[in-house]
Amino acid sequence: MKRIGILTSGGDAPGMNAAIRAVTKTAIHHGLEVMGIRYGFAGLVAGDFVPLTAEDVDHTINQGGTFLYSARYPEFAQENVQKKGAEQLRKHGIDAVIVIGGDGSYHGALALTRLGINSVGLPGTIDNDIPYTEYTIGYDSACRTAMDAIDKIRDTASSHHRVFIVNVMGRECGDIAMRVGVASGADAIVVPERDYDIKKIAKTLKQGFADGKDHGLVVLAEGVMSADDFRKELLKYGDFDARANVLGHMQRGGSPTVADRVNATKMGNYAVNLLLDGKGGLAVGMENGKLNTHDILDLFDGKHEGDYSLLDVNEEMTKD
Ligand SMILES: Nc1ncnc2c1ncn2[C@@H]1O[C@H](COP(=O)(O)OP(=O)(O)OP(=O)(O)O)[C@@H](O)[C@H]1O
Ligand SMILES: O=P(O)(O)OC[C@H]1O[C@](O)(CO)[C@@H](O)[C@@H]1O
Ligand SMILES: [Mg+2]
C-alpha cells in the first residue's frame, strides 16, 4: 500500500477535520501518501482529488465543518457508479480509503471494499445513531451547541413564564435529545425510541408553574414530530403560553469540543493502522471508552442502543 484516500460524506460534523488531520499525519508518518477526495462519493466518481501534506492539515483540528466538503450523492448506491468510483481510485494509484460519515456512508465504504479497495469507516455524524458504538464524531459538539442555545432560550422563557418546546436533530435517534435534555434540566425529554404521555408532560409543566417555576422546557427529538405539532398537542391539555423552537443546522457547526477532537484523532490514527494491517470493510466504534471494530455488514442488521437510563433519571426527578 502506497497511497490512501480519505473522504467525508453525509451531514458534516464537528471533529471531521480532526479525523482527516490524524489520518493524514499518521499515514505520512508511515511513509504513505494521502489523497483528499472532495465532496464525498460525488467527488470520488468525478475524480475530485487533492494531495494532502502534513502542513495542509495544520490549523484544522479546531475548525468545524469539513475542509474536504461533503455531499449527499444517492447515485452511489448503483453498482455501475460504484465501479466508476473504484476505477478513479485505481487510476490515481489509491489502494485504500477511509470514509468518515454516517450509516449511509458505510454502505459506500463496503461497496468499495467489495470492489477490491479496502475501506474503513469512521463514525462521523452528530446523530450518534450508528450500531455498536456509543459515540460518533460530532455528537459531543452538537450536544454542547444545543445545550448552549437552550440556556439562552431558558432566559427568555423565564422572563415571560413560557413553555418552550425545543426540537433537536438526530433523525430517528433520540441520543442528542436525551443528553441535551438532561444537561439543560428539561421538564420532559421526548424521543422516538420510547412512548410518551403528553397528558403527563402537561401535568408536570402545570405543577412546575404552580410550585413557582418560571418556565417550562420540553426537549423533543426531531424523529418524533415537529415542535409546532407537539405544541399544538400540548395545548389540548393545558393553557400554556408555549413556543416552538427548531435549533436546526446550527447543531452541525462550530469548533469541536475536546472530546470530539481527541476521539476523532484516536479514530483517524486507528483507521490508518487497520489499513496498514491489510484490513477493510470495517467500521471503527467505541465501547466503554475503548476503540473497537465491527464488520460493516454486521452494522446493517444492528441497532444503535442509546443510553436510555437518561430518560429514567429525568423521569425520576419529576413530581408525580
Ligand atoms: N446503499 C448505499 N450504497 C452506496 N452508497 C450509499 C448508500 N447509501 C448512502 N450512500 C452514500 O453515502 C452518502 C451519505 O449517506 P446519508 O445521506 O445516509 O448520510 P450518512 O452517511 O448516514 O450521514 P448523516 O446521517 O450523518 O447525514 C449518500 O449520499 C451516498 O453517497
Ligand atoms: O443536511 P440535511 O440534508 O439538511 O440533513 C439534515 C439531517 O442531517 C443530520 O444533521 C445528520 O444526519 C440530521 O440530524 C438531520 O436530520
Ligand atoms: Mg445517517
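A residue is buried if 20 or more other C-beta atoms lie within 10 Å of its own, exposed if 12 or fewer, and partly exposed in between, with C-beta atoms placed from the backbone. G102 has 22 C-beta neighbours inside 10 Å, so G102 counts as buried. This is a predicted model, in which local features need pLDDT of at least 70, side-chain atom pairs count only at pLDDT 80 or more, and totals for chains, interfaces and linings use all residues. Residues are numbered from 1 along each chain as its sequence is written, while chains are lettered from A and ligands numbered from 1 in the order in which they are written.

Start with the annotated site. The UniProt annotation "binding site", from an unreviewed entry, covers G11, R72, Y73, G102, D103, G104 and S105. These residues span 95 residues in sequence, yet no two of their C-alpha atoms are more than 13.8 Å apart, so they gather at one spot. UniProt positions are given here in the numbering used for this model, feature names are shortened, and annotations may be inferred rather than shown by experiment.

Now take three of these residues in turn. G102 sits in the loop between β4 (96-101) and α4. Helices (H or I, at least four residues) and strands (E, at least two) are DSSP runs, numbered from the N terminus. Contact means that the C-beta atoms of two residues, placed from the backbone, lie within 7 Å. Leaving aside neighbours within four places in sequence, G102 is in contact with G10, G11, G124, T125, D127 and I130. D103 belongs to helix α4 (residues 103-114). D103 is buried, because 23 other C-beta atoms lie within 10 Å. With neighbours within four places in sequence again set aside, D103 contacts D129 and I130. S105 is also in helix α4. Its 27 C-beta neighbours inside 10 Å make S105 buried. Not counting residues up to four places away in sequence, S105 touches S9, G10, V99 and G121.

Next comes helix α1, where M16 is found. Is M16 buried or exposed? With 31 C-beta neighbours inside 10 Å, M16 counts as buried. M16 touches T8, T66, I100, G124, I137 and G138, not counting residues up to four places away in sequence. M16 and R261 are 245 residues apart in sequence, but 8.6 Å apart in space, C-alpha to C-alpha.

Helix packing is the next topic. Two packed helices are described by the angle between their axes and the distance between the axes. Axes are lines fitted to C-alpha atoms, for helices over the stretch in contact, and angles run from 0 to 180 degrees between N-to-C directions. Helix α1 (residues 16-29) and helix α9 (residues 258-276) pack at an angle of about 40°, with axes 7 Å apart. That makes α1 oblique to α9 (under 35 degrees is roughly parallel, over 145 roughly antiparallel, 65 to 115 roughly perpendicular and the rest oblique). From α1, the contact is made by A18, A19, A22, V23, T26 and A27. From α9, the contributors include D260, R261, A264 and T265.

A second pair is α5 and α6. Helix α5 (residues 139-159) and helix α6 (residues 175-183) pack at about 45°, with axes 9 Å apart. That makes α5 oblique to α6. Y139, A142, C143, A146, M147 and I150 in α5 meet D175, I176, R179, V180 and A183 in α6.
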